[in-house]
Amino acid sequence: MRTRTGNKGGFWIDRLAPPLFDRTAIERKLDENPDSRFDKVAPARIFQSSSAFSDPLVTKFTNMMMLEGMKDKAEEMMGRALKAVKTIQLDRYHAADESTKPTIIINPIKIFHKAVENCKPVLALAPLKRGGVTYQVPVSILEKKAEWTSMKWLILAGRDHDQKTDKFRNALARELIAASNNEGKVIKRKFDLHKQCEANKAYAHYRWSK
């Protein structure tokens, strides 16, 4: 049975179970209800994949990085940036002492996830107008908004380079490595935002006023 969803012109089959892609989630569902293996499962969306090489966060980052609908170009640039991350880390690994080698992360996907996590802001400034005056009020930020802000800052930091002497993939790779170590321009930007929120904490009570 097809029913209209909230999306304009969209259809979805409401009597089918949603598809699962994580092996742990599938095993957990079968343990809870063995008869669920007979359930009819809805088809996967075009952006969903059960491949071991598919990462939802990398896909989201690639889509945010895309310009003028050129997704193939964005995927190529993302792949080259991750390759540059691994190259830099391998050079650092081979040049390091035996005692420090175990602490060096070579997997670019782990570095990417760590960089995004480290760049997430906890607070943000929201403009609120009271008595004809606009105040910058510190407010807590949702997890999805923090993730989006983190990735947006990383992309802007990667684009902030001299295009004549450097390439975007190399600049983004350096920013990802620096952010994974709690260093770099994006981490500084996050700390500066938190300092502004701390300086404006006297206006925090405006958040609950009407």
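This is a predicted model: local features need pLDDT of at least 70, side-chain atom pairs count only at pLDDT 80 or more; totals for chains, interfaces and linings use all residues.
Figure 1. Glu68 sits in the loop that links helix 2 with helix 3 (71–95). Its backbone deserves a look too: Glu68 is not a glycine, yet its phi is positive, at about 55°. Most residues other than glycine have a negative phi.

**Figure 2. Asn182, another loop residue with a positive phi.** Here we visit the loop between helix 6 and helix 7, where Asn182 is found. Asn182 is not a glycine either, and its phi is positive at about 60°. Is Asn182 buried, exposed or partly exposed? With a relative accessible area of 43%, Asn182 is partly exposed.

**Figure 3. Thr62, a buried residue of helix 2.** Now we move to helix 2, which holds Thr62. Thr62 counts as buried because its relative accessible area is 5%, and buried means under 20%. Which residues does Thr62 touch, leaving aside those up to four places away in sequence? They are Ala74, Glu75 and Met78.

**Figure 4. Helix 5 and its cover.** Helix 5 takes in residues 143–159, a run of 17 residues. At 1.5 Å a residue it should span 24 Å, and its end C-alpha atoms are 25 Å apart, so the two values agree. Look along this helix for its buried residues, among them Ala146, Met151, Trp153, Leu154 and Ile155. Glu147, Thr149 and Ser150 are also on the list of buried residues, as are Ala157 and Gly158. What covers them? The cover includes helix 2 (56–65), helix 4 (108–118), helix 6 (168–180) and helix 7 (185–199).

**Figure 5. Stepping back to the whole chain.** The C-alpha trace spans about 60 × 55 × 40 Å along its principal axes. The radius of gyration of the chain is 22 Å, whereas a compact globule of 210 residues would have one near 17 Å. Of the 210 residues, 31% count as buried. Among contacts with a separation of 6 or more, 59% join residues 24 or more positions apart. Finally, the chain carries 39 positive and 25 negative side chains, and the centres of these two sets lie 7 Å apart.

Definitions and conventions
Residues are numbered from 1 along each chain as its sequence is written. Side-chain values use heavy atoms; hydrogens and water are left out. The radius of gyration is taken over C-alpha atoms; the globule rule is 2.2 Å times the number of residues to the power 0.38. Buried means under 20% relative accessible area, exposed over 50%, partly exposed in between (1.4 Å probe, protein chains only). Contact means heavy atoms within 4.5 Å. Lys and Arg count as positive and Asp and Glu as negative; His and the chain ends are not counted. The place of a charge is taken as NZ of Lys, CZ of Arg, CG of Asp or CD of Glu. Helices (H or I, at least four residues) and strands (E, at least two) are DSSP runs, numbered from the N terminus. The expected span of a helix is 1.5 Å times one less than its number of residues.
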